[in-house]
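Biologist: I have not looked at this one before. Can you take me through it?

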Amino acid sequence: MAAPVLEVRNVGKVFSRGLIKKEELVALDDFSLRIEPDRPTITAIAGESGSGKTTLALLVLGLVTPSSGQIVYQGRDTAAMSAREWTTFRREVQAIFQDPFEVFNPFYRIDHVLETVIRKFKLAGDRREGDRLIRETLSSLGLKPDEVLGRFPHQLSGGQRQRIMVARAVLPDPKVIVADEPVSMVDASLRALILDNMLRLKRERGISFLYITHDLSTAYQISDDIYVMYLGGVAEHGDVARVIEHPRHPYTKLLVESVPIPDPAAGWGENVELPPEDEVRQQTRGGCRFARRCPHVMDICRENPPPLYEVGPNQYASCFLYRDQPVKAAGGAGAPAGRPLPVVAPS
Amino acid sequence: MENGRHGDVLRVEGLQVRYRTPAGEAQAVRGVSFTIGRGARFGLVGESGCGKSTTANAILRLIKPPGYIAGGRVLVDGVDVLGLRDEPLRKLRWSKLALVMQGAMNSLNPVMRVGEQIADAITSHGEARPSAGELERRITRLLGAVGLPARAYRMFPHELSGGMKQRACIAMAMALEPALIVADEPTSALDVVVQRVVAQTLREVGERLGASLLLIGHDMGLQAQLVHRLGVMYAGELVEVGTVEAMFARPKHPYTQLLISSVPSLKERTLPKPIPGLPPSLVNPPAGCVFHPRCPHAMDICRAVAPAPREVGPGQVAACHLYGDDPRIGATGAAPARDAAGQTA
């Protein structure tokens with residue numbers, strides 16, 4: 001079997017701060033993920049602020065080094081890559097970021113950002129070929145080259161700017177695009193347009209996406225798989241339709257329920273309470289990260305981190321409610337190898 | 001025009017706001033009228049740039065140059081806000097009229113304890129000056145009402161999470177028991193569970209105080225969950241108003257219909273269809289109905305005559321020629337096959 005396009009293998013990232021008294025923040029804990037080579041996929045990494053989703057994006061892009069574990073691209077550990085392999089990796093794994101306002105240098109015409117990519121990765125033999133490539137890419141994303149080329153960033157709409165960032169990422173013909181909240185700052189109609197671009201790039205150019213988002217509804221609409229993150233770990237992952245339509249982890253259930261339904265007749269249900277943030281952060285070591293907020297908490301949850309249990313076909317939840325189910329096999333995406341657990345009766 | 005029906009906390013009549021730009025005057029709000037009853041929650045939605053935030057700012061008289069209020073009236077509990085001098089206006093803010101902004105949490109003073117900031121709002125805007133002990137009791141009660149622990153009183157803003165800060169701002173907005181809370185995208189910077197908690201808080205404290213709410217936002221899901229009546233704005237105009245149930249179940253204005261069908265949900269796994277076209281220039285708005293260039297049902301009359309608001313259902317008003325002056329109510333969204341010529345606005 002061919003090596004996965006991209007594999008995140010038991011990766012952890014700890015940020016420490018403070019000079020004398022070191023304070024450690026576990027941004028990502030023993031996280032694994034695979035993008036298989038057989039077909040392009042969109043994998044959603046969904047979570048709230050502090051879930052570690054942006055840290056994961058930075059790790060995959062090689063902008064942050066892991067504290068533990070490996071990022072493996074096409075079978076090669078990125079930490080052990082030669083300079084040439086690294087250049088290939090940088091060309092084939094591209095990024096789209098959230099803010100279409102910040103990434104442009106206001107003093108350059110937008111052509112600059114596109115020409116730079118062509119030059120850096122030597123994508124074209126001469127200027128004419130480069131120009132043709134830029135125009136083709138822009139047109140394929142629904143932009144009219146003559147309307148955007150030669151302009152300065154401030155002369156374009158937010159949607160045009162964001163699609164130029166998509167074009168920039170697509171130009172080097174990548175295999176993977178890490179899209180970190182690409183639509184959270186644009187209007188509803190532009191959002192649909194950009195998400196549609198992503199679907200088409202997957203279908204027509206075979207590009208896989210890591211779609212990092214806090215928005216479950218767009219994840220549901222365009223992704224194949226989803227990882228629901230909570231405080232640096234995976235709460236639940238698997239086929240997106242299964243996870244959203246039949247969430248099994250109590251946190252996923254809470255998230256899905258909390259998305260306001262655009263129907264006045266369908267209520268939110270009972271009020272939820274949030275424990276103070278400091279208390280939640282304090283209890284992340286040892287037991288289940290969600291124990292402090294979980295309505296079903298048992299003794300076992302406070303003592304051991306739950307492995308990922310197989311709760312359905314291609315659906316895994318890191319929750320002791322499903323401890324009768326088989327633990328997800330190590331080596332696949334996800335769970336830390338299940339350590340033997342003491343048997344504790346539910347409280 | 002009759003002056004402030006009993007029970008209307010807010011009455012906006014023919015509000016017009018313009019911005020002077022190098023290209024000419026942008027008509028950001030063009031003759032918007034609506035009312036909010038006591039204890040009622042009213043939502044304003046629309047795409048960015050439709051004038052919903054400008055409307056909120058005009059009600060609070062926060063329009064800054066190059067913007068100005070070009071016409072209309074805003075009555076809060078019968079008091080004409082637009083005609084007030086500075087000092088009575090300052091008193092009216094907070095005591096009658098409070099604001100919770102998008103990212104209000106960033107408006108907290110970082111070097112002042114949360115309790116002190118709320119105390120400041122009470123002593124500088126309230127009528128009577130409560131004693132220190134009474135003040136602290138009152139603030140602790142307020143913090144409790146928004147689900148914050150009493151110890152938040154002595155905490156600095158950086159010690160609170162985004163959601164907690166946003167709730168502290170709601171506590172501050174309620175401190176003087178205002179008749180109306182204006183909330184402009186109060187939850188759009190928050191995570192979904194925190195958003196739900198903040199929305200619950202707004203609903204509960206509003207009900208407890210009998211305060212009315214004007215909720216500005218583009219999140220149709222949040223509006224559906226929170227408001228009683230909903231107004232849809234497009235290019236500076238209020239194109240439709242109705243009960244939230246009617247607006248979602250039987251939207252009449254073609255723009256409202258498109259807006260509602262483009263709402264993403266967890267029910268359907270397809271991308272919602274974007275509304276084709278772009279909003280018009282506010283400097284040179286199109287003649288006739290502002291929506292006609294994007295309207296799937298545009299008729300000849302729409303290009304020539306601006307439609308006046310007309311009743312299209314019980315408590316539901318839309319500005320659209322499709323509904324003519326026809327007393328028949330309940331025509332569906334599809335264009336009725338009839339000659340619109342001769343209809344007057």
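Modeller: One term to begin with: buried means under 20% relative accessible area, exposed over 50%, and partly exposed in between (1.4 Å probe, protein chains only). B:C295, at 18% relative accessibility, counts as buried. This is a predicted model, where local features need pLDDT of at least 70 and side-chain atom pairs count only at pLDDT 80 or more, while totals for chains, interfaces and linings use all residues. Residues are numbered from 1 along each chain as its sequence is written, chains are lettered from A and ligands numbered from 1 in the order in which they are written, and side-chain values use heavy atoms, with hydrogens and water left out.

Biologist: How many disulfides over all chains?

Modeller: The search finds 0, a disulfide being a pair of cysteine sulfur atoms within 2.5 Å.

Biologist: New topic. How many residues does the contact take from chain B and chain A?

Modeller: Chain B gives 38 residues and chain A gives 42, with contact meaning heavy atoms within 4.5 Å.

Biologist: What classes are on the side of chain B that touches chain A?

Modeller: That side has 18 nonpolar, 8 polar and 12 charged residues. Ala, Val, Leu, Ile, Met, Phe, Trp, Tyr, Cys and Pro count as nonpolar, Asp, Glu, Lys and Arg as charged, and the others, Gly among them, as polar.

Biologist: And which residue forms a salt bridge with B:R196?

Modeller: A:E257 does, with the closest N and O atoms 3.6 Å apart. A salt bridge needs a side-chain nitrogen of Lys or Arg within 4 Å of a carboxyl oxygen of Asp or Glu. The count between chain B and chain A is 1.
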